[in-house]
Amino acid sequence: MGDRQVVVGVAVIRDGRVLAALRAGSTGGWEFPGGKVEPGESDQAAGARELKEELGLEVVLGEPLGIGAGRPHGIEVPIGDKYLLRVYFAELVAGEPVLHEHTATRWVGAAELDGLDWLPADRPFLSALRAEIPPGT
């Protein structure tokens with residue numbers, strides 16, 4: 001998967017809930033907000049920049065979801081032939097979501113994750129995320 005451009009999704013956790021964002025348009029659906037990693041930029045820097053641009057949030061990215069044996073970058077999901085999605089946990093430092101590029105945002109607990117119509121590329125991250133969010137939230 002060497003020539004694919006990395007796209008970073010960001011799982012912002014606050015009070016045991018994760019921020020989901022609704023992408024507008026015909027390809028719409030719920031996603032972990034984020035965007036493409038630019039040349040010379042780290043995944044973490046790209047995720048922080050994209051959340052500032054898209055939602056007005058200041059975040060600090062941590063570990064990727066699904067990191068473990070044989071997966072130093074965590075779970076990686078191909079999007080078509082050009083992109084590779086990675087999702088990182090993030091801590092919210094400042095701000096409340098402002099809708100610049102999304103139609104809606106929602107703070108979702110573990111029990112509510114399956115109730116959203118997630119974009120296909122984001123779905124493989126849900127089980128890893130569910131394992132990290134305290135039950136009953």
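Let's start with a word we need: a residue is buried when its relative accessible area is under 20%, exposed when over 50%, and partly exposed in between, using a 1.4 Å probe and protein chains only. What you see above is a predicted model, where local features need pLDDT of at least 70, side-chain atom pairs count only at pLDDT 80 or more, and totals for chains, interfaces and linings use all residues. Residues are numbered from 1 along each chain as its sequence is written, and side-chain values use heavy atoms, leaving out hydrogens and water.

Now, please find Glu31. With 8% relative accessibility, Glu31 is buried. Glu31 sits in strand 3, residues 29-31; helices (H or I, at least four residues) and strands (E, at least two) are DSSP runs, numbered from the N terminus.

Which side chains make polar contacts with Glu31? One is Arg23, at 2.7 Å, and another is His102, at 2.8 Å. A polar contact here is a pair of N or O atoms within 3.5 Å; within protein, one must be able to donate a hydrogen and the other to accept it, and residues adjacent in sequence count only if both atoms are side-chain atoms.

Next, the salt bridges. Side chains of opposite charge can pair when their charged atoms come close. We call it a salt bridge when a side-chain nitrogen of Lys or Arg is within 4 Å of a carboxyl oxygen of Asp or Glu. How many does the structure hold? There are 10 salt bridges.

Take Arg14 and Glu96, whose closest N and O atoms are 2.7 Å apart. Arg14 is in strand 1 and Glu96 in the loop between strand 7 and strand 8 (102-108), so this pair ties together parts 82 residues apart in sequence. Arg14 is partly exposed at 26%, and Glu96 is partly exposed at 47%.

Arg86 and Glu76 form another salt bridge, with their closest N and O atoms 2.7 Å apart. This pair links distant parts of the chain, with Arg86 in strand 7 and Glu76 in the loop between strand 5 (58-64) and strand 6 (77-79), 10 residues apart. Is Arg86 buried or exposed? Arg86 is buried, at 9%, whereas Glu76 is partly exposed, at 28%.

Finally, look at helix 1. Arg49 and Glu53 both lie there, 4 residues apart, about one turn of the helix. Their salt bridge has its closest N and O atoms 3.5 Å apart. Arg49 and Glu53 also belong to a network of salt bridges that includes Glu41 and Glu50.
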